[in-house]
Amino acid sequence: MNIDLIKEFRDPELCKGLLETLDRELDDELRFMEVCGTHTVAIFQSGLRSLLPDKVVHLSGPGCPVCVTHESEVNAFLDLAEHDDVIIATFGDLMRVPGHGGRNLKAAQADGASVSVIYSPFDALKLAAENPDKTVVFLGVGFETTAPTIAATMVMARKQGLKNFMVLPFHKTVPTALGALLDDASTRIDGFILPGHVSTVIGMEPYEFIATDYDRSAVITGFEPADILKSLVDMVRWRNEGTAKVTNNYRRAVADTGNAKAREVLYSVFEPCDALWRGIGLIPGSGLKIRDEWTDMDAIVKYGIEITEVPPLPGCRCGDVLKGVITPDQCPLFKKVCTPAKPVGPCMVSTEGSCAAYYKYKVD
Amino acid sequence: MSEKVLLDYGSGGRASQRLVSELFLGQLGNDELNRLNDAAELQVSGRIAMSTDSFTVDPIFFPGGDIGSLAVHGTINDVAMMGAIPRYMTCGYIIEEGFAMDDLERIVTSMGKAAKKAGVSVVSGDTKVVPKGAVDKIFINTTGVGDIIVDPAPAGDRARPGDAILLSGTMGDHGLAILGTREGLEFEAAVQSDSAGLNHLLVKLVQELPEVHVLRDPTRGGLATTMNEIAGSSNVCCELNETDIPVRPEVSGGCSFLGLDPLYLANEGKFLCILPEEHAEKALEIMRADELGRDACRVGTVTDTNPGKVVMVTQLGGKRLLNMLEGEQLPRIC
């Protein structure tokens, strides 16, 4: 990304003007949810949260892939790490996610498990080639953003004839989760700041039901303060006009139609399935499983892994935080027994989780 | 085939002696070290600053430095942050069996050069060779001592509301250079470690401005961690202006790509200076006159509003905490 372009979207004068417009044109409360964890952090890091008018209620949604990785999924990859012949390949932010008894991949690694933090799924192929007597299992966690690259990696593995590379598929899909939130009677969301990265792949169409079926607005948004403010101003204006729209304010990175090639590779390897979301529970059709033609690379099949509901953590209100029913500081455990050092619930686990962001950035 | 370090070299016998006399004394030797006594006999009096550090950096050679010079810089900088002139240091090498002799020579030579440049004598040392796999290539421990030349010495608990917070240069260079080399990442522009001995500049600073309250080098954990330590020790709020904190565009770009924050990355040639407001300009003048402080700038003010916390005033004028990191920074999924 061009640095000068980014500077433009951080311009204090531009942002000040947008904040004034927002304040002037907003005559009632606006409850907006940013879906993506990167937006959560951007809103705090830029100091935007401390500058938004009081009438703007900021909610963080279920768009942090680490946060929504279900306990039973975490348990599955921790169990897999115990196998002597397995090397777990993962992005770094899964290393601290706690499973049963607070155990995580960092602890497993200290106990002798082979865990390799990688920067690209293709690095996992290299790892597999270098360790022919082991099976490299890549932890397929994330949304539509990462799924195409992982699918492409599987295609590459087959081309290279690698027999010791597998994926543990725990991907989730964003629009399906937003539908589930809007169907939930406990939520009150006026509009969504839609994720930039996910949208580069899926485009605008999968979100259109938000306006047509639910009469709420949603804007695909970049990660700079002016991007976020412009989307909020748009949503306020549409509401004042008595309408709801889904639009793309991030055209410098996201095509309205998304990336057809990425979707093609994604859906050549994966297909929709039901998925468990940490803190929320089962959302039908919100996951991606490996298609039958690719079973030879499916670690769920090879290792007979079963993903099941587990009882919610006592006192933890992460589900309500992820749904925007409460803000993190309204949870009784926040900052008391639940901290980044000892996270109780998913939202405190990831650096992009909403509770972790409140803990880390909010000036009391 | 090039020569390797064998277990024999750490046996204490002739092989060890040869290694010490031919390599270590050749590069680090001085009157005291050359005596090869069990301990060094030193002339010290009054208040001294002493600091020890172990260096386990991976990779051992990186753009802008290596583990040998880093082991000197890290320790003498810590001594100098106490308002002291570093005089002597020790070094302990733990080497993995099979380590390339050429690399060892390169490291010891680099250590010798760094010590000489800093005006510090290596007066005692130790070499151990351990079986393959017992350490990762090479670890070095160094201890340094120096005479404290100001009273009271700068300390982490001396920051006071109203003090100015100064920084000697850009943040995150060392941390990103190490990470980039370790992971084989290529950045748009070369990122170099800032590893350097700061003692000459620091001595000049405290000699001219003994009123300095705090000196710290933001090494592991970076600026954010160091500022939090100071805010906690002094029970004050350190308020920083985001726009004033210097970060090279290539470091900023690399961090953005990896999902890292340069303010948590290690620095090995920078320092923080907190001192009464009225001396801020003079301190900046002294720092900028030195090559190692040419990018020095004021980055904030000590206040009494949120004791124990570091508050960042963002480019937009909003406020957020700059908290301590929980564990190491890990690249994110998306």
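Colleague: What makes 36 residues of chain A and 27 residues of chain B count as the contact?

Modeller: In this predicted model, the contact takes 36 residues from chain A and 27 residues from chain B, where contact means heavy atoms within 4.5 Å. Residues are numbered from 1 along each chain as its sequence is written, and chains are lettered from A in the order in which they are written. Local features need pLDDT of at least 70 and side-chain atom pairs count only at pLDDT 80 or more, while totals for chains, interfaces and linings use all residues, and side-chain values use heavy atoms, with hydrogens and water left out.

Colleague: What is meant by the area buried between chain A and chain B?

Modeller: Buried area is the accessible area (1.4 Å probe) that two parts lose on being put together, summed over both. For chain A and chain B this comes to about 2800 Å², with carbon and sulfur atoms giving 61% of it. In chain A, the residues that lose the most area to chain B are A:Y119, A:K360 and A:V363, which together make up 24% of what that side buries.

Colleague: Which classes make up the side of chain A that touches chain B?

Modeller: That side has 18 nonpolar, ten polar and eight charged residues, where Asp, Glu, Lys and Arg count as charged, Ala, Val, Leu, Ile, Met, Phe, Trp, Tyr, Cys and Pro as nonpolar, and the others, Gly among them, as polar.

Colleague: Why is the pair A:K323 and A:D184 called a salt bridge?

Modeller: The side chains of A:K323 and A:D184 meet at 3.0 Å, N to O, and this is within the cut-off for a salt bridge, so the pair qualifies.

Colleague: What are the two domains of chain A, and how much area do they bury between them?

Modeller: The domain assignment, which is automatic or comes from a database, gives domain 1 (1–307) and domain 2 (318–361) of chain A. Their C-alpha centres lie 18 Å apart, and the two domains bury about 2000 Å² between them, 66% of it on carbon and sulfur atoms. In this interface 29 residues of domain 1 are in contact with 19 residues of domain 2, and the rule finds one salt bridge across it.

Methods: A salt bridge is a side-chain nitrogen of Lys or Arg within 4 Å of a carboxyl oxygen of Asp or Glu.
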